[in-house]
Amino acid sequence: MTSQSDPPFRKILVANRGEIALRVVRTCREMGIRTVVVHSTADRDSAAVRLADEAVQIGPGAPRKSYLYPAMIIEAALRTGAEAIHPGYGFLSEDPDFAEICDKNGIVFIGPHPDVMARLGDKATARELMAAAGLPVVPGSAEAIASPAELVETTKRVGLPVIIKASAGGGGRGMSVVREWDELLPTFRTTRATARGVFGDDRVYLERYWENARHIEVQVLADNHGTVLHLGERDCSVQRRHQKLIEESPAPLLPPALRERLTQAAVRGAAAVGYTGAGTFEFLVDGDEAAFIEVNCRIQVEHPVTEAVTGIDLVREQIRVAAGLPLSVTQEEVRPNGVAIECRVNAEDPRRDFAPCPGLLSEFVPPGGQFVRVDTHAYAGWHVPPYYDSLLAKVIVWAPDRDQAIARMRRALAEFRIAGPGISTTSELLQEVLADPVFRAGQHSTSLLRK
């Protein structure tokens, strides 16, 4: 039997890289859990490798031969005696097959049950499940589009513009907006081809495209003892190519009644499918109208803003739930305080359509000061590899109110020193957004950067 002082696991393998691998390692260490980090040859000098108790090289830089290669990860876990695997986000974090392989090998997968993940991971099926649970969904196809004729008929019903999405998609990939009728069929074909190439599944579905909506998501936690609670919402409306750049909590100017509707809908949706662990329910909001779009069955990149306003370590709760323990907080004990903002500093050139900028970081000096958190794996002398997501760092600030949080973030980004041959970042663009009157007034939508 586990006592209050015993760690829930003796050793956890972290099946990821970058800042999230480091993030998980740090919480494990605080919980008295030893860690194993798997890594590619390109990440042999990573900060996570250096700080973990053990490290296992699992393949070359290409993800499909390392971080997306289940056999090598399972073998590393068995060889090192890891009892559980934390998948972080991306890679295998929402792969129900990988979760099942873990289970068959006697290893705990830190995430929801594979069956729940499979049902929610299919975006079209998730829409059906949430509609059945009473959540409002964006008007669109009831399931994956089977033919061009069905595509045309559904588009006539919901009206242009529409967005065609990969059923197995995620991370902002496999989405195409259609504004004109003559674009419909060509976009359908190219999106299916992209879905097949990226996700190995060419099924797509269709939704009405909300031009000026806000992207609001609700963080939920659920355990195996029947408790489902929410940790408030995040506004993730500042996006480029459907990928988030700035997130904050709470969402500015969100009416209390609408906030209550969204958070209760998320809790109801999680309970309806037997969700466990940390998850995120995403909604589009336009005025007083709101509609569910998808569930992310993992820790989110933007989870630190929720941690900053609630004081709750989400990774710790994930690990506790995976070990069969109850959540350490009740809904009544969740009391969000102040405002937190996160900015993603990517090695990208916004002037060249956000082209990635791999290369040597000759200078890398993160900001500091009170209520400033920087989640990063980068350091001076590190080479940004060309194989992976271009995220260099997440800068998270907390303040008593939104104006102070914006001022603190602008100061922090101004302090951040990043340089190297051919290296560009999103830092200047982030500063421009923070200074934008529409953003400062909290009246922005997902179309902010397009404008």
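## Basis

Contact here means heavy atoms within 4.5 Å. The structure is a predicted model.

## Overall fold

The chain contains 14 helices and 22 strands. Its radius of gyration is 21 Å, close to the 22 Å that the globule rule gives for 451 residues, so the chain is as compact as a globular protein of that length. Along the principal axes, the C-alpha atoms fill a box of roughly 55 × 50 × 45 Å.

Of the 451 residues, 57% count as buried. Among contacts with a separation of 6 or more, 66% come from residues 24 or more positions apart.

## Surface and charge

The chain has an accessible surface of about 18200 Å², and carbon and sulfur atoms account for 50% of that area. There are 51 positive and 58 negative side chains in the chain. The centres of these two sets lie 3 Å apart.

## Glutamate 233

Glutamate 233 is part of strand β10, which covers residues 228-240. Its relative accessibility is 4%, so glutamate 233 counts as buried, the cut-off for that class being under 20%.

Two polar contacts of the glutamate 233 side chain can be described. One is with the side chain of arginine 259, at 2.9 Å. In the other, the glutamate 233 side chain reaches the backbone nitrogen of alanine 251 at 2.8 Å.

## Glutamate 207

Glutamate 207 lies in strand β8, residues 204-208. With a relative accessibility of 1%, glutamate 207 counts as buried. The side chain of glutamate 207 is joined to the side chain of arginine 127 by a polar contact of 3.2 Å.

Apart from neighbours within four places in sequence, glutamate 207 is in contact with Arg127, Val138, Pro139, Gly140, Val162, Ile163, Lys165 and Ile293. Leucine 253 stands 46 residues from glutamate 207 in sequence, and the C-alpha atoms of the two are 26 Å apart in space.

## Summary of the two sites

Glutamate 207 in strand β8 and glutamate 233 in strand β10 each have a polar contact with an arginine side chain: arginine 127 for glutamate 207, and arginine 259 for glutamate 233. Glutamate 207 counts as buried, and glutamate 233 counts as buried too.

Definitions and conventions
Residues numbered from 1 in each chain as written. Predicted model: local features only at pLDDT ≥ 70, side-chain atom pairs only at ≥ 80, totals over all residues. Heavy atoms only, no water. Helix = DSSP H or I, 4+ residues; strand = E, 2+ residues; numbered from the N terminus. Rg over C-alpha atoms; globule rule 2.2 N^0.38 Å. Buried < 20%, exposed > 50% of the residue type's maximum accessible area, 1.4 Å probe, protein only. Areas by Shrake-Rupley, 256 points an atom, 1.4 Å probe, with all protein chains shown as cover. Lys, Arg positive; Asp, Glu negative; His and termini not counted. Charge placed at Lys NZ, Arg CZ, Asp CG, Glu CD. Polar contact = N/O pair within 3.5 Å; in protein donor to acceptor, adjacent residues only side chain to side chain.
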